[in-house]
Amino acid sequence: MSDKEEQNGVVVVEEEQEQESKKTMADSEEKPQKSQQDDEINKKFQKMGISFSIWPPTQRTRDAVINRLIETLSTPSVLSKRYGSMNADEASSTARVIEEEAFSAATSASGDNGSSTTAEDDGIEILQIYSKEISKRMLEAVKAKAATASENENPVSAAPAATSEETSSVES
């Protein structure tokens with residue numbers, strides 16, 4: 001290698017290091033600015049009497065969840081291919097029960113949380129519980145419906161089958 005290439009290599013490395021340190025400095029300056037902007041936005045919303053919270057969801061959000069559940073339970077989907085679909089009325093009542101039970105479970109779980117996290121973190125955790133409860137209960141509902149449907153197709157009689165003698169005496 002020539003002296004010039006070595007110098008060029010060193011110069012290029014030094015330039016890259018300078019650019020990297022400038023970028024790091026710019027990033028670190030940007031974070032406080034973003035934090036300041038967030039604080040300013042939050043203060044403006046507070047002055048206007050507007051606040052954001054993840055939990056509890058608004059009634060509008062809960063209604064949207066119910067409508068989505070109804071759609072999932074009553075229209076062709078991955079679940080309906082495996083377990084069958086429900087008619088609109090059955091899907092509607094099932095969806096309302098699922099959402100209400102999931103909401104209650106999530107709300108009761110929020111009271112059991114003994115950690116000292118922020119309200120926003122608590123809201124995210126509760127929302128995750130709510131979502132998991134909805135998924136779990138929806139799956140339980142479609143499985144129960146499929147089990148009921150298969151029992152109706154193949155009814156198992158509790159009484160023993162009639163013998164041929166009993167059958168012939170009934171015919172006579």
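Reader: Is Y130 buried or exposed?

Author: This is a predicted model, so every value here is computed from predicted positions. A residue counts as buried when its relative accessible area is under 20%. Y130 has 4% relative accessibility, so Y130 is buried.

Reader: Which residues is Y130 in contact with, leaving aside neighbours within four places in sequence?

Author: The list is W55, R62, V65, E99, A102, F103 and A106. Y130 also belongs with L73 and I98 as the residues with the most contacts inside the largest nonpolar core, which has 20 residues. The helices α2, α3 (78-83), α4 (88-111) and α5 each supply at least two residues of that core.

Reader: How is a pair of aromatic rings described?

Author: Two values are used: the distance of the centres and the angle of the planes. The structure holds three aromatic pairs. In one of them, the rings of W55 and Y130 have centres 5.3 Å apart and planes at 65 degrees. An angle over 60 degrees counts as edge-to-face, so the W55 and Y130 pair is edge-to-face.

Reader: Which residues do the ring pairs link into a cluster?

Author: The cluster is made of W55, F103 and Y130.

Reader: Is the peptide bond from W55 to P56 cis or trans?

Author: Most peptide bonds are trans. The bond from W55 to P56 is cis, with omega near 0 degrees. P56 is found in the loop between α1 and α2.

Reader: What about Q128: is that residue buried, partly exposed or exposed?

Author: Q128 is at 45% relative accessibility, so Q128 counts as partly exposed. Q128 is found in helix α5.

Reader: Now the whole chain. How many helices and strands does the secondary structure come to?

Author: There are six helices and zero strands. Of the 172 residues, 19% are buried. The chain exposes about 13400 Å², and carbon and sulfur atoms supply 52% of that area.

Reader: Among contacts between residues at least 6 apart in sequence, what share join residues at least 24 apart?

Author: The share is 73%. The pair of W55 and Y130, 75 residues apart, is an example of a link between distant parts of the chain.

Reader: Where in the chain is confidence lowest, and where is it highest?

Author: Confidence is given as pLDDT, on a scale from 0 to 100. The mean for the chain is 75, and 60% of its residues reach 70 or more. Helix α6 (residues 164-171) has the lowest confidence, at a mean of 47, and α2 has the highest, at 96. Over residues 157-172 the pLDDT is below 50, and beyond near neighbours in sequence this stretch has one contact in the model. Residues 9-13 also stay under 50, with zero contacts beyond four places in sequence.

Conventions. Residues are numbered from 1 along each chain as its sequence is written. This is a predicted model: local features need pLDDT of at least 70, side-chain atom pairs count only at pLDDT 80 or more; totals for chains, interfaces and linings use all residues. Side-chain values use heavy atoms; hydrogens and water are left out. Rings of Phe, Tyr and Trp (its six-membered ring) pair if their centres lie within 6.5 Å; planes under 30 degrees apart count as stacked, over 60 as edge-to-face and the rest as tilted. Helices (H or I, at least four residues) and strands (E, at least two) are DSSP runs, numbered from the N terminus. Buried means under 20% relative accessible area, exposed over 50%, partly exposed in between (1.4 Å probe, protein chains only). A nonpolar core is a set of buried Ala, Val, Leu, Ile, Met, Phe, Trp, Tyr and Cys residues joined through side-chain atoms within 4.5 Å. Contact means heavy atoms within 4.5 Å. pLDDT is the predictor's confidence in each residue, from 0 to 100. Accessible areas come from the Shrake-Rupley method with a 1.4 Å probe; for residues, only the protein chains shown count as cover.
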